[in-house]
Amino acid sequence: MTHRQVLEALSGLLLGLFVAVLSSTVVSNALPRILTDLHGGESAYTWVITAALLSLTASTPLWGKLSDLVSKKLLVQIALVIYIVSSALAGLSQNTGELIACRVLQGIGAGGVTALAQICLAAMVPPRERGRYSGYFGAVFALATIGGPLIGGVIVDTDWLGWRWCFYVGIPFSLLAIVVLQRTLHLPEAPRRKARIDYLGALLITAAVSLLMIWISLAGKDYPWLSWQSALMVGGGLALAVLFVLAERRAAEPIVPLDLFRHRTVALASVASVLVGVGMYGATTFLSQYFQLAKEESPTRAGLLTLPMILGLAVSSTVAGRLITRYGRWKAYLVAGTLLLAVGFGLLGTVRAGTGYGALALAMAVTGVGLGLTMQNLVLAVQNTVPRNELGAASSVVTFFRTMGGAMGVSALGALLADRVTHYLTENLAAAHVNPDAGAALGGGEIPDLHRLPGPLVPLVTDAFGHGVGLVFLVAAPFALLAFLVVLFIREVPLRTGEEPAVRPAPELVRD
């Protein structure tokens with residue numbers, strides 16, 4: 001394919017990717033207002049995010065496996081249709097339960113688009129050229145991350161629209177993406193095979209991750225961390241994970257082919273993706289809460305204030321993609337990216353309600369550059385390792401582990417934030433000699449509306465949220481540091497300039 005043909009085909013994929021990323025970012029700044037209206041608390045805040053991540057996590061390998069069996073173009077369009085239907089239903093939600101259920105469906109559609117966009121790119125161009133086009137993916141990711149919070153903030157702050165349009169706004173983009181893909185995406189037909197779907201594997205991994213996430217959300221609040229409930233949930237989650245591994249070893253078409261992990265690069269990139277996912281989704285989830293509940297900013301301004309992180313992500317991913325295409329080397333960017341991510345989270349861990357914006361902007365920019373150098377290049381490294389007939393499964397495995405890390409991380413960090421905010425607020429009330437019962441004005445654990453709180457309570461609440469969010473980022477920093485250490489052990493193989501082999505070569509064993 002010529003450069004022009006690739007760009008034409010890529011246009012629909014990038015539009016679909018924009019929609020998929022928008023589905024999570026457009027609600028980030030609107031969630032405090034949404035949950036105030038639906039009477040949801042910090043637990044609901046976390047689950048609106050993690051429900052979509054969980055279904056995205058579970059469905060990603062399934063989409064990847066299907067792409068090795070049937071038409072990739074048809075699968076992308078089906079994923080977009082699922083997104084359209086779920087978005088329309090989410091906008092009609094009357095309570096947090098309905099909203100979370102619709103977010104599960106949204107995650108399935110977004111998972112398909114996110115995974116298949118990378119897989120289609122891999123089917124169109126050789127690995128050496130992929131760095132160039134992966135930069136476009138990073139730029140679109142950044143654009144959606146920039147535009148999402150801003151669009152969501154403006155919608156929520158516009159009386160005649162309301163928060164429900166945060167879900168409706170992606171529908172026109174999805175319809176346009178389907179039309180563009182129909183006209184421009186023409187992939188070579190792969191040999192037809194009978195699709196044998198690993199439903200048991202999908203069920204077991206979803207159940208395992210869900211059970212562990214429910215435990216993280218409830219432990220320490222509804223029952224002690226060290227209790228029979230914790231033992232039952234953790235033991236059950238681990239048992240389901242073991243059953244998943246056993247099922248994948250016996251499945252004819254496993255959603256996560258275990259022999260992929262005989263490749264050293266695939267195994268290490270998967271571990272790094274889990275660790276990066278914890279920080280990546282944590283940053284976008286909790287920064288909006290920080291600006292609105294610790295800095296008393298509107299949803300629109302909260303989106304604008306995160307621009308340093310998003311611009312850092314956009315510039316670094318684009319520049320790195322072009323340099324990788326020119327020189328064929330990628331490991332240095334992964335090493336630098338994970339190190340900068342750890343430094344950025346460490347800096348964000350020092351923030352409090354009174355932290356100046358200059359220090360915040362520096363910390364966010366460093367974090368954004370780290371993410372831009374890391375996300376797409378982990379996928380690129382894996383795609384350069386596996387044969388053509390396993391591109392779909394291998395690409396989706398990296399996305400699977402990244403979103404699984406994000407789902408687990410957001411759930412755990414959200415539970416930590418809720419616990420620490422309550423702790424710091426209790427301390428602030430006592431230090432200010434305010435009757436602790438005054439905390440009931442917060443609505444019994446619901447996301448507070450600062451404009452409706454009694455004046456003396458507002459600085460106590462903002463201080464508690466500022467301190468709590470800072471601690472969350474401080475806890476996330478070691479995960480990024482571990483990702484840095486893992487990436488150091490990935491062996492760099494120069495990017496191929498031709499097609500991937502159609503069949504598996506002698507595998508690069510983990511022990512090598």
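Start by selecting L105: at 36% relative accessibility it counts as partly exposed (buried is under 20% relative accessible area, exposed over 50%, partly exposed in between, with a 1.4 Å probe and protein chains only). You'll find L105 in helix 5, residues 96-124 (helices are DSSP runs of H or I with at least four residues, strands are runs of E with at least two, and both are numbered from the N terminus).

Before moving on, a word on what you're looking at: this is a predicted model, where local features need pLDDT of at least 70, side-chain atom pairs count only at pLDDT 80 or more, and totals for chains, interfaces and linings use all residues. Residues are numbered from 1 along each chain as its sequence is written, and side-chain values use heavy atoms, leaving out hydrogens and water.

Now zoom out. The protein has 17 helices and 0 strands, and 59% of its 512 residues count as buried.

Which helix gives the most to the patch? That's helix 4 (residues 72-90), with 3 residues.

Next, jump to T306, in the loop between helix 12 (299-305) and helix 13 (307-327). T306 counts as buried, at 9% relative accessibility. Leave aside its neighbours within four places in sequence, and T306 is in contact with L287, F291 and M364 (heavy atoms within 4.5 Å).

Follow the chain into helix 13. Its 21 residues reach 30 Å from first C-alpha to last, close to the 30 Å expected at 1.5 Å a residue (the expected span is 1.5 Å times one less than the number of residues). Its buried residues include P308, G312, A320 and T325. Just past helix 13, G328 takes a positive phi of about 75°.

Last stop: the aromatic pairs, 6 in count. Select F345 and F473: their ring centres are 6.0 Å apart and their planes at 25°, so the pair is stacked. Phe, Tyr and Trp rings (six-membered for Trp) pair if their centres lie within 6.5 Å; planes under 30 degrees apart are stacked, over 60 edge-to-face, the rest tilted. F345 sits in helix 14 (residues 331-348) and F473 in helix 17 (residues 458-488), 128 residues apart.
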